[in-house]
Amino acid sequence: MSLDRRILELLERDARHTPQQIAAMLGEDENRVIAEIARLEKEKIILGHTSIINWEKAGDDGVTAMVEVKVTPEREVGFDAIANRICRFPEVRTVYLMSGLYDLAVVVHGKDLKDISTFISQKLATMHQVQSTTTHFVLKRYKQDGFIFDDKEKDRRLVVSP
Amino acid sequence: MIDGSRYLRDSIKSLPPSGIRRFFDLASHMEGVISLGVGEPDFVTPWHIREACFYSLEKGYTMYTANAGMIELREEIAKYLYRWQNLTYDPETEILVTVGVSEAIDLAFRVLLEDGDEVLIPEPSYVSYVPGTIMAGGTPVMLDTREEDEFRLTRDELAGKITPRSKLLLLTYPNNPTGGIMGRDDLLDLVDLIVANDLIVISDEIYGELTYEGKHVSIATLPGMKERTIIMNGFSKAFAMTGWRIGYACGNRDIIGAMNKLHQYTILCAPIMGQMAALEALRHGEAEMRRMVEDYDYRRRLILKGLKEIGLPSFEPRGAFYVFPSISVTGMSSLEFSEKLLKEEKIAVVPGNAFGRSGEGFVRCCYAYSVDHIEQALERMGAFVARHHV
């Protein structure tokens, strides 16, 4: 596997890995790893470094909804123009183009139900390319980006074993 | 109450307890210990393997299996060894599923050793070979291995210890505790000696899949060696399945048949739940296994570099998940170093002499831990070495 791919895999697993650690783990020169990460960031292959947070546990009672959006694609730009416009709203966390019965899957986060319904009825549904929206509110989160929220597994090994 | 020890066999009474056990008692009674002392993966068994076991229980698979293990499992083991090592074994007669490699080794000793037969054991060695030999009536003959040879068994050392009573040679590569491996050329160097002296090789390859920067070579693949090698392997290390206790032995049908005879009178069969899980591991678990091996490799490099930086250098171990650094800069014995490190810094490592006298002057550090855990341990060990440097 190429160096950049291995770096990406390590950073995806834990963004806190320092270039020194990555260099040691891959048996590579530290400066080369630093340069490679800089390139990946410059080329927007690495878009950012973030943390996965259990906000519910942190006391936040915000609301998340998955919105199925049917849109009219436009000549020359297809779904991209409308998708990019939807992306710009800070309430929107994720946008995917989907196969199947609807076109865009939009994940929206707000402080309460009213917040989200206002956003959808006033901003999202009123865009002229949007034909319809179907909103599903998230009741509970179990796993996100590879992390299980209430993971009961822990290191149960004996302290010393042969 | 009667004194139970009056009834014990002398040979059991004189058998020393494992050096690891003593250290475990010390470490397990202490709070907040950061351990590098385990001998097992940090991964929990991959989910699809656990799930296959639940499913088999739902279906009612709770009975005995054939003594030698489910034929489906033996067939998968045969296919696996063919894919991996290009070795061919008959699932009907040349493969035995055991309760871990530990049982397989015990069976082999008991079916092969007459009183006084000698077992050649490279040292440092895993803790059960010597007592196993003694309990089967054999005589352990230790072969020294040295750090400058990366703890490989050399031809000279083997040649010097062979006697007319030599019967078995035990090889454990990749090695616990050193992490050392024997490549094809290293093994080839021993073959004519083994054949000329009519030795049977017991090759404990439980860490075989955990070989880095190259592929594991089983001694059974070398010319003339398959017929005189009993390969022992299992699921504990490669598939993160230590607690399931499933291992296997492959080799000459007469020897495997005799081991099965003993196995049926003592164990009857390995638990079916573990066998079902093992079947799933071989059928669908190799991708996950490779991912885990890659992860060990990352941490291997990290700890090796870290140990070197704090003044505890080691040769580069290319197998298992252990580093075996020399502690000579502290002037302490292995046990003294380990006990002081535990008391002063709450770090548990295993003293090298627990694996025999060739391990004196070294400690075993396992790197099957998270990166954060390893770095924390290294930091404390660094402070310790700086304080005790002579």
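The structure is a predicted model, in which local features need pLDDT of at least 70, side-chain atom pairs count only at pLDDT 80 or more, and totals for chains, interfaces and linings use all residues. Residues are numbered from 1 along each chain as its sequence is written, while chains are lettered from A and ligands numbered from 1 in the order in which they are written.

**Exercise 1.** Determine the secondary structure of chain A and its order along the sequence.

*Solution.* Begin with the definition: helices (H or I, at least four residues) and strands (E, at least two) are DSSP runs, numbered from the N terminus. Chain A has five helices and six strands. Along the sequence, they follow the pattern α-α-α-β-α-β-β-α-β-β-β.

**Exercise 2.** Compare the radius of gyration of chain A with that of a compact globule.

*Solution.* The radius is taken over C-alpha atoms, and the globule rule is 2.2 Å times the number of residues to the power 0.38. For 162 residues, a compact globule would have a value near 15 Å, but chain A has 21 Å. Next, consider the box filled by the C-alpha atoms of chain A: along the principal axes it is roughly 65 × 40 × 25 Å.

**Exercise 3.** State the domains of chain A and the separation of their centres.

*Solution.* The bounds come from an automatic or database domain assignment. This gives domain 1 (3-42) and domain 2 (63-140). The C-alpha centres of these two domains of chain A lie 35 Å apart.
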